[in-house]
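Thanks for asking me to go through this one with you. Here are my notes, in numbered points, to read alongside the coordinates.

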Amino acid sequence: MSNVPNELKYISSHEWIRQEDDGTVTIGITDHAQELLGDVVYVELPDVDTDVATEDEIAVVESVKAASDIYAPLSGTIIAINEALEDAPETVNSSPYDDGWMFKMKPSEPSELDNLLDAEAYTNEIDE
Amino acid sequence: MGKQTSLFECHQQAGAKIVDFGGWDMPLNYGSQIEEHHSVRQDAGMFDVSHMTIVEVTGDDAKSYLRFLLANDVDKLKVSGKALYSGMLNENGGVIDDLIVYYIDETNYRVVVNASTREKDLAWMAQQAENFSVSIAENNGYAMIAVQGPNAIEKTNSVLSDTQKAAVEGLGVFVAADTEGYFIARTGYTGEDGYEIMVPVAEAASFWNKLVEAGVAPCGLGARDTLRLEAGMNLYGNDMDENVSPLEANMGWTISWQPEERDFIGKQALLDQKQAGVKNKLVGLVLEGKGVIRAHMKVIAEGVGEGETTSGTMSPTLKKSIGMARIPKEAGEQVMLEIRGKLVPAKVVKPCFVRKGEALV
């Protein structure tokens with residue numbers, strides 16, 4: 001059974017979103033997603049300072065099997081990326097919610113946060 | 001649910017992730033396919049390859065039949081147990097399948113073909129047998145386990161009986177020993193030393209478990225693919241198929257042109273291709289920029305033309321992305337790959353990246 005932390009928000013394409021105290025958000029892929037992907041071998045992240053809109057394809061995770069797009073869960077600006085993933089992409093498998101985070105954003109439309117799934121709703125989606 | 005091999009329960013108990021492969025429920029991995037890959041490069045790993053099809057070709061004309069059926073020449077085989085790799089071609093010179101044929105004696109040959117091509121292979125073999133005194137029969141009595149890696153032979157020998165051990169002592173490369181119902185061949189699909197073992201179905205699970213106890217790591221199809229690709233070995237359906245000539249699939253070495261008087265299916269088409277000039281070649285690629293090579297990416301050889309990747313992965317041994325591509329014959333050492341809309345440089349190499357644990361590129 002996949003780990004779906006209660007304190008995070010989710011979108012159905014298997015990204016998780018953590019709201020930080022300073023109003024920014026941190027984004028990665030869920031435990032369920034990394035299980036589906038298998039060993040991650042390469043992560044391509046967006047450039048810092050890029051403005052993105054909800055549902056833009058902004059990153060790519062490549063596993064031994066295939067490439068998967070990562071979508072922006074919110075509109076806003078990329079303010080940081082996890083550069084450690086370049087040399088250690090397998091961190092996405094070993095620590096999807098902590099060391100395996102992918103990028104941080106400053107949301108431009110905070111109201112979009114209401115559209116995100118909570119842990120229960122996401123769990124229901126992946127159980128189907 | 002697909003077909004299951006006699007080792008299916010072993011896979012389930014080991015927590016394998018099961019996927020469909022050519023109608024068979026097969027293990028993709030048992031956790032991490034990268035760790036499985038390293039087991040084979042550094043120690044010993046094993047694969048259930050029981051889904052592959054064993055075909056017994058027997059009869060007075062067995063030899064003349066196979067000399068007509070296959071592009072390689074079974075007349076090279078003189079020692080019982082000796083194996084030969086060959087393409088089985090259609091009249092146009094396209095590859096129906098690649099296979100291994102073992103010589104037992106002049107009237108007995110054992111052929112191992114791919115799982116995904118089983119039906120069409122058997123149909124083709126039967127069709128071509130019409131004018132020969134030969135019987136073509138599938139043998140379902142065996143499971144097949146490939147044990148591969150620098151310690152594969154030693155670890156396997158430790159679970160064999162004394163008689164079996166004596167039978168495989170000093171076994172040559174590409175030779176099999178038929179001993180106490182086991183058919184043990186020094187062959188493989190990983191670029192490492194090891195065996196491919198046909199085991200009586202009833203003993204398959206217990207033999208598998210003995211190998212586990214001897215320290216051989218179960219490996220799935222995922223690792224099998226990255227290992228064969230590092231070794232530069234073709235995968236049927238990816239790197240060649242019925243519409244591809246062996247001359248454009250790095251299989252020229254498997255075509256036996258001598259003796260000239262031997263006719264084989266596809267020969268005239270291959271001669272015509274050579275006459276007209278072979279247009280493409282299958283090469284290895286090492287990605288020099290970021291990303292991962294996958295099958296069906298566009299390859300651009302500047303000033304020459306375009307081609308396409310046929311296989312690709314991130315090499316666990318080299319920690320670089322490698323692949324195979326069919327590109328114009330005149331292409332040089334440097335090409336560009338179109339990866340997700342971006343052009344990324346790649347180096348063209350001989351398609352053999354890793355052998356016996358050593359990087360070759």
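In what sense do strand 11 and strand 12 of chain B pair, and over how many bridges? Please keep in mind throughout that this is a predicted model.

1. **Strand 11 and strand 12.** To take that question directly, strand 11 of chain B, residues 182-185, pairs with strand 12 of chain B in the antiparallel sense, over 3 bridges. If you want a place to begin looking, A185(B) has E196(B) in strand 12 as its bridge partner.

2. **Strand 9 and strand 12.** Strand 12 of chain B also pairs with strand 9 of chain B (residues 142-148), again in the antiparallel sense, here over 7 bridges. V147(B) is found opposite Y195(B) of strand 12.

3. Have a look at T190(B), which sits in the loop between strand 11 and strand 12 of chain B. Is T190(B) buried or exposed? Its relative accessible area is 0%; since buried means under 20%, T190(B) counts as buried.

4. **What T190(B) touches.** The T190(B) side chain has a polar contact with the side chain of Q148(B) at 2.7 Å. The side chain of T190(B) also reaches the backbone nitrogen of E192(B), at 3.1 Å. Leaving aside neighbours within four places in sequence, T190(B) is in contact with V40(B), R41(B), F47(B), Q148(B), L227(B), A231(B) and M233(B).

5. **A salt bridge across the sequence.** Over all chains, the structure holds 23 salt bridges. One of them joins D43(B) and K155(B), with 3.0 Å between the closest N and O atoms. D43(B) belongs to the loop between helix 2 (33-42) and strand 3 (45-48) of chain B, and K155(B) to helix 5 (residues 152-157) of chain B, so this pair ties together parts 112 residues apart in sequence. D43(B) is partly exposed, at 24% relative accessible area.

6. The side chains of D75(B) and K63(B) meet in a salt bridge of 2.8 Å, N to O. K63(B) is in helix 3 of chain B and D75(B) in the loop between helix 3 (62-69) and strand 5 (83-89), so the pair ties together parts 12 residues apart in sequence. D75(B) is partly exposed at 23% relative accessible area, whereas K63(B) is buried at 17%. A network of salt bridges links K63(B), D75(B), K78(B) and E106(B). D73(B) forms a salt bridge with R67(B), the closest N and O atoms being 2.8 Å apart, and D73(B) counts as buried at 3% relative accessibility.

7. **The annotation.** An unreviewed UniProt entry carries the annotation "domain: GCVT N-terminal" for residues 7-258 of chain B. In the model, the end C-alpha atoms of residues 7-258 of chain B lie 42 Å apart, and the span is 27% helix and 29% strand.

Methods
Residues are numbered from 1 along each chain as its sequence is written. Chains are lettered from A and ligands numbered from 1 in the order in which they are written. This is a predicted model: local features need pLDDT of at least 70, side-chain atom pairs count only at pLDDT 80 or more; totals for chains, interfaces and linings use all residues. Side-chain values use heavy atoms; hydrogens and water are left out. UniProt positions are given in the numbering used here, feature names are shortened, and annotations may be inferred rather than shown by experiment. Helices (H or I, at least four residues) and strands (E, at least two) are DSSP runs, numbered from the N terminus. Two strands pair if DSSP finds at least two bridges between them. Buried means under 20% relative accessible area, exposed over 50%, partly exposed in between (1.4 Å probe, protein chains only). A polar contact is a pair of N or O atoms within 3.5 Å; within protein, one must be able to donate a hydrogen and the other to accept it, and residues adjacent in sequence count only if both atoms are side-chain atoms. Contact means heavy atoms within 4.5 Å. A salt bridge is a side-chain nitrogen of Lys or Arg within 4 Å of a carboxyl oxygen of Asp or Glu.
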